[in-house]
Amino acid sequence: MRSVFKHIAVISFLFAFILMLIPVNGTSANNDIVYTVPVEETVEKGLYAFLSRAVHTAEEEGADAIIFELNTPGGAVDAAGEIGKLLTSTDIKTISFVNKQALSAGAYIALNTDEIYMVPGSTMGSAAIIDQSGNTAGKKAESYWFSAMESAAQQSNRDPIVARAMADESIEIPELGLGNDELLTLTPDQALEVNYSEATVANMDELVQQLGFENAEIRSMEESFSEKLARFLTNPVIIPILLSIGSIGLVVELYSPGFGVPGFMGLSALLLFFYGHLVAGLAGYETLILFVIGIGLLIAEFFLPGGIAGLLGAGAIIASLFMASGNVVHMGISILIAISAAILVSILLVKVFGKKMKFFRKMILTDSTNTEKGYVSNTNRTELIGTEGYALTALRPAGTVVISNERIDVVSEGGFIQKDAKVRVVKAEGSRIVVRELTNLDK
């Protein structure tokens, strides 16, 4: 009996030992997941698409935190607003790691995260809102931006006056050395002083340790090639360039025989525009379909009378461009720039290079029936030249003469010729017979 218990005890010990070797599934400190996401270069709608994918991926993987490594000079206000909503709507802990700058829209993004950390020598702030010309935006836009900056600070329990000072030159904060007519840009020490930074860290590794995630699994989220290309193509500076290349290429193609390089460049530029906005999530396939329909209607205009198809086609193209844009004002400016460039190139082609639009050659009769080519509208009475007769009526200067018993409508070469005056035909151009009065006919 003892041997039986002995064997059972040995087997139980071995079984327990084996169970200890099997990893236990579940959440522990060693199973923490932290995502690092770079936020670099200009803030635009393409960046929002990338950050949206990063946040959704982190949520699906059950991440404990997302660290956004900021190094941006700022960018579009509307894009920053969408990114701010994205960061505040997730339940995952969000951390901004300012390395090396978070200016303008970048500062707004940082304020929408739960915690902020900065590296030595970094800066955060200088968030004035400006228009496309680089000038300060209007009162309405400024009021919205001031409120947005203050709200972002308040939801993270930060002093809203400091956030306002980043965007409003009229705010003074003497303890930070901020006077009138200048924007606030925080250094790491200043950010710590006003509770806009939790700590100053040397690098990402030190930050991870500071957060208590030294044993966590660190996963880096990088932009795909398509996302990088989309960010470039949706840059506010690149959009008018693409549209201008597209319009100029198509206009030059209209003045060139066949389909060549200008047409290919024009279509490629427009396709790149829509590709970037599709990848960035700013446009759907319905926008591209509307653009294709517009092109089709413009082509149909060359074969249909009335001009209705052309107007509908132009309207469809412009509507598709506005639908693809997240900023109506910026898209309107970009379209005006593209149209102006196309008109200027068209004038140069016609006035300087003497080009003619090839499509019009099929629609407009260019052959002329002139005398030099042997065409006459009436029978040319050249046989009358040199013949003489008399004026049946007074010529003032038109009238009727009789030549060889034939009544002929004529005009006088000079002024008035009296009735019954002797005349001679001096010119015959079709139906126009010119006569001259003869004087001293008997001499």
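Contact here means heavy atoms within 4.5 Å. By that criterion, take the contacts in the protein chain between residues at least 6 apart in sequence: 61% of them join residues at least 24 apart. The model is a predicted one.

Start with the whole chain. It holds 15 helices and 13 strands. Of its 443 residues, 41% are buried. The accessible surface comes to about 24800 Å², and carbon and sulfur atoms account for 58% of that area.

Next, confidence. The mean pLDDT of the protein chain is 82. A value of 70 or more is reached by 82% of the residues. Residues 17–29 are another matter: pLDDT stays under 50 over this stretch. The model gives residues 17–29 two contacts beyond four places in sequence. Where pLDDT is low, the predicted coordinates should not be read in detail.

Now follow the chain to strand β1, residues 33–40, and the loop that links β1 to α2. E41 lies in that loop. Its phi is near 60°, a positive value in a residue that is not glycine. Is E41 buried or exposed? The cut-off for exposed is over 50% relative accessible area. E41 has 59% relative accessibility, so it counts as exposed.

Helix α2 covers residues 45–60, and helix α3 covers residues 77–89. Two packed helices are described by the angle between their axes and the distance between the axes. For α2 and α3, the axes come within 9 Å and cross at roughly 10°. Angles under 35 degrees count as roughly parallel. The two helices, α2 and α3, are therefore roughly parallel to each other.

Which residues make this contact? From α2 come K45, L47, Y48, L51, S52 and V55. They meet D78, A79, E82, I83, L86 and L87 in α3. The residues of this contact divide into eight nonpolar, one polar and three charged.

Strand β3 spans residues 93–103 and includes K100. The peptide bond from N99 to K100 is cis, with omega near 25°. In the loop between β3 and α4, residues 105–111, sits S104. S104 is not a glycine, yet its phi is positive, about 50°. The cut-off for buried is under 20% relative accessible area. S104 has 14% relative accessibility and therefore counts as buried.

Further along, a cis peptide bond joins R396 and P397, with omega about -10°. P397 is in the loop between β9, residues 388–391, and β10, residues 398–403.

How values were computed:
Residues numbered from 1 in each chain as written. Predicted model: local features only at pLDDT ≥ 70, side-chain atom pairs only at ≥ 80, totals over all residues. Heavy atoms only, no water. Axes fitted to C-alpha atoms, helices over the stretch in contact; angles between N-to-C directions. Helix = DSSP H or I, 4+ residues; strand = E, 2+ residues; numbered from the N terminus. Parallel < 35°, antiparallel > 145°, perpendicular 65-115°, else oblique. Nonpolar A, V, L, I, M, F, W, Y, C, P; charged D, E, K, R; others polar. pLDDT = per-residue confidence, 0-100. Buried < 20%, exposed > 50% of the residue type's maximum accessible area, 1.4 Å probe, protein only. Areas by Shrake-Rupley, 256 points an atom, 1.4 Å probe, with all protein chains shown as cover.
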